[in-house]
Amino acid sequence: MSLEEYWAKRDFNRTLEPRGEVKTEDGKRFVVQEHHARSLHWDLRLERDGVLKSWAVPKGLPEVKGVRRLAVQTEDHPVEYADFSGIIHQGEYGGGEVAIWDSGDYEAEKWREDGIIVHFNGGRIKGRFCMIRLKGQRKNWLLFRCDRYEGKS
Ligand code: MN
């Protein structure tokens, strides 16, 4: 894992975002950050292998079953980023306000190149979510609720 791409995109003399480093211990945090950049989106980040694996979700996490949302994988972020909120100045990469929309921890039931299943235990987001990488596409995933047990209604 590497943060080279994250570092290369930012000037840490000009942004308040953390520079960070790859961690050796492996935690299980997740965060969803509401990011009012050029276009509003939500950034989903999962701690894994000493970094935050990251996706930009243009319409946010689906809160009901049956809704599939595009999630575009972005560069790994440092674990410290899970605590970041505030303003990224206009003109800097990702300029706009970042607010923590939800955070907590998660368990990975499956983590493969083409598919991920996680259980979120956040303040707002709880339950089982599936992510499937779209065939032949490096960065585009579908994200949806996939709770194992369904009611009869
Ligand atoms: Mn973002």
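Is Thr-15 buried or exposed? I began my entries on this predicted model with that point. Thr-15 has a relative accessibility of 8%, and I therefore record it as buried, the limit being under 20%.

**Entry 1: Thr-15**

I looked up the position of Thr-15 and found it in the loop that runs between α1 (4-8) and β1 (29-36). Its side chain makes a polar contact with the side chain of Glu-17, at 2.7 Å. I then set aside residues up to four places away in sequence and noted that Thr-15 touches Arg-10 and Ile-88.

**Entry 2: the manganese ion**

Which residues coordinate the manganese ion? I list His-35 through ND1, His-41 through NE2 and Asp-43 through OD, at 2.1 to 2.3 Å. Along the sequence, I wrote the spacing of these donor residues as H-x5-H-x1-D.

His-35 is buried, because its relative accessibility is 8% and the class requires under 20%. Asp-43, with a relative accessible area of 5%, is buried as well.

**Entry 3: Asp-49**

I turned to the loop between β2 (40-48) and β3 (51-57), where Asp-49 lies. The phi angle of Asp-49 is near 55 degrees, and I marked this as a positive value in a residue other than glycine.

**Entry 4: the largest pocket**

How much space lies in the largest pocket? I recorded about 840 Å³. The pocket is lined by 41 residues, and those closest to its centre are Lys-9, Gln-73, Thr-74, Glu-75 and Tyr-93.

I also asked which elements supply the lining. At least two residues come from each of α1, β2, β3 and β4 (68-77). The largest share belongs to β4, which gives six residues.

**Entry 5: Ser-85**

Where does Ser-85 lie? I located Ser-85 in the loop between β4 and β5 (86-88). I class Ser-85 as partly exposed because its relative accessibility is 43%. With neighbours within four places in sequence left aside, Ser-85 is in contact with Val-98, Ala-99 and Ile-100.

I also looked up a separation from Ser-85 to Glu-113. These two residues are 28 apart along the chain, and their C-alpha atoms are separated by 30 Å.

**Entry 6: Gln-90**

My last entry concerns Gln-90, which I found in the loop between β5 and β6 (96-111). Is Gln-90 buried or exposed? Its relative accessible area is 66%, and I therefore record Gln-90 as exposed, the class for values over 50%.

Apart from neighbours within four places in sequence, the contacts of Gln-90 are with Gly-95 and Gly-96. From C-alpha to C-alpha, I noted 26 Å between Gln-90 and Leu-61, which are 29 residues apart in sequence.

How values were computed:
Residues are numbered from 1 along each chain as its sequence is written. This is a predicted model: local features need pLDDT of at least 70, side-chain atom pairs count only at pLDDT 80 or more; totals for chains, interfaces and linings use all residues. Side-chain values use heavy atoms; hydrogens and water are left out. Helices (H or I, at least four residues) and strands (E, at least two) are DSSP runs, numbered from the N terminus. Buried means under 20% relative accessible area, exposed over 50%, partly exposed in between (1.4 Å probe, protein chains only). A polar contact is a pair of N or O atoms within 3.5 Å; within protein, one must be able to donate a hydrogen and the other to accept it, and residues adjacent in sequence count only if both atoms are side-chain atoms. Contact means heavy atoms within 4.5 Å. Donors are N, O and S atoms within 2.8 Å of the metal (3.2 Å for Na, K and Ca); water is not among the atoms, so sites may look incomplete. On a 1 Å grid over the protein atoms alone, a cavity is a set of points where a 1.4 Å probe fits but cannot get out, and a pocket is an open set with protein on both sides within 12 Å along at least five of seven lines; lining residues have an atom within 4 Å of a point. Grid points are joined across faces, edges and corners, and a volume is the space filled by probe spheres set on the points.
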